[in-house]
Amino acid sequence: MIINGQKIAQNLRKNIGEQVAHLERKPGLAVILVGDDPASAVYVRNKDNACKEVGFYSEKINKSADISQAELLAEVERLNNDDKIDGILVQLPLPRHLDTNQVIEAINPAKDVDGFHSENIGKLMQNKPHLRPCTPKGVMTMLATTGVDLIGKNCVVVGASNIVGRPMAMELLNAHATVTICNSKTTDLSNKIKNADVVVVAVGNPQFIKGSWIKTGAIVIDVGINRLESGQLVGDVDFDSAEKVAGWITPVPGGVGPMTIATLLENTLTAYMARTKK
Ligand code: NAP
């Protein structure tokens with residue numbers, strides 16, 4: 001069966017919109033875009049549109065590519081102190097002269113709706129999560145729709161980046177699955193995948209995971225987004241061969257991508273609720 005991320009994300013946005021309609025103040029999300037990378041500009045526009053759809057207050061802040069570290073940190077600090085803003089997101093990647101880590105650490109963890117601040121990652125590691133990285137959290141929402149109980153399942157996460165693979169593995173561990181994390185130096189990857197009840201792939205290598213590596217009936221979540229020379233968007237999984245053996249599989253596009261943005265809205269609402277309670 002296909003796990004329809006588009007549909008699940010739409011339901012999530014609808015649910016958020018219904019909650020926002022009853023709030024006195026609109027939750028606010030600020031997105032900072034540095035430079036004019038076209039892909040980043042599309043992501044930021046999509047986030048802004050999603051905010052409008054659910055009735056959030058949204059600020060899209062464009063900064064020129066030659067902004068200094070000090071100026072960017074000052075902008076983050078301004079938003080940290082702005083009461084209208086519940087969530088702050090700095091669109092990555094940043095130009096090379098900027099220190100990404102220092103910028104992420106400058107965001108007030110209570111407003112870190114990307115969930116990348118070390119305080120939020122630490123809470124996830126300790127299984128006391130608050131704001132969780134959007135893509136892995138969105139994957140957990142998708143997995144829940146299958147109705148498959150993750151407890152004791154063998155899960156293989158292919159990719160170990162800070163924004164997807166590592167937090168994804170923690171999410172699955174927190175759900176009491178048995179987790180194997182693979183990286184570029186992993187040996188015998190296909191055999192590890194053959195034992196997996198759930199495979200989550202976030203590598204950035206088009207159609208890299210073959211259907212013949214997948215256990216019959218497994219759940220296959222493809223986080224990868226790659227554009228072929230033909231212009232076609234494909235994932236990290238060879239969809240045509242994998243869908244023949246998988247029990248559930250996410251398509252690209254229309255799988256994990258829409259969930260990431262819907263989960264960003266969910267996190268902004270979580271941050272709003274926590275800040276409003278104080
Ligand atoms: P990344 O930072 O480049 O990390 C890639 C990871 O894959 C690294 O941990 C790397 O291992 C591992 N890897 C590389 N080759 C491998 C191999 N042959 N076998 C096993 N592991 C291998 O990438 P990312 O930011 O996590 O993104 C991964 C993909 O997901 C990209 O296509 C990106 O566009 C997509 N993405 C999609 C969403 C969404 O919302 N759908 C969100 C974020 C990212 P090492 O650690 O050893 O280098």
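**The open sheet and the ligand**

Reply: Five strands form an open sheet in the order S5-S4-S6-S7-S10, and their pairing is parallel. The edges belong to strand S5 (178-182) and strand S10 (248-249). Each has a single partner strand, so one side of each is left without a neighbour in the sheet. Keep in mind that this is a predicted model.

Strand S7 (residues 219-222) runs parallel to S10, and two bridges join them. Here Ile219 stands opposite Trp248 of S10.

Helices come next. Helix H6 (residues 134-146) lies across strand S6 (198-201), S7 and S10. Its direction is at about 155° to S7. Helix H7 (residues 165-174) also packs on the sheet, where H7 touches strand S4 (154-158), S5 and S6. The directions of H7 and S4 make about 170°.

Now the ligand. It is surrounded by 21 residues, and the closest are Ala160, Ser161, Asn183, Ser184 and Thr260. Three of these residues can be looked at atom by atom. The side chain of Ser161 has an N or O atom 2.5 Å from an oxygen atom of the ligand. For the side chain of Ser184, an N or O atom is 2.6 Å from a ligand oxygen atom. Asn183 uses its backbone: an N or O atom there lies 3.3 Å from a nitrogen atom of the ligand. Taken alone, the ligand exposes 930 Å², and the protein buries 68% of that.

Who builds the shell? Helix H10 (residues 256-277) gives the most, with three residues. By class, the shell has eleven nonpolar residues, ten polar ones and no charged ones.

Notes
Residues are numbered from 1 along each chain as its sequence is written. This is a predicted model: local features need pLDDT of at least 70, side-chain atom pairs count only at pLDDT 80 or more; totals for chains, interfaces and linings use all residues. Side-chain values use heavy atoms; hydrogens and water are left out. Two strands pair if DSSP finds at least two bridges between them. Helices (H or I, at least four residues) and strands (E, at least two) are DSSP runs, numbered from the N terminus. Contact means heavy atoms within 4.5 Å. Axes are lines fitted to C-alpha atoms, for helices over the stretch in contact, and angles run from 0 to 180 degrees between N-to-C directions. A residue is near a molecule or strand if one of its heavy atoms lies within 4 Å of it. A polar contact is a pair of N or O atoms within 3.5 Å; within protein, one must be able to donate a hydrogen and the other to accept it, and residues adjacent in sequence count only if both atoms are side-chain atoms. Accessible areas come from the Shrake-Rupley method with a 1.4 Å probe; for residues, only the protein chains shown count as cover. Ala, Val, Leu, Ile, Met, Phe, Trp, Tyr, Cys and Pro count as nonpolar, Asp, Glu, Lys and Arg as charged, and the others, Gly among them, as polar.
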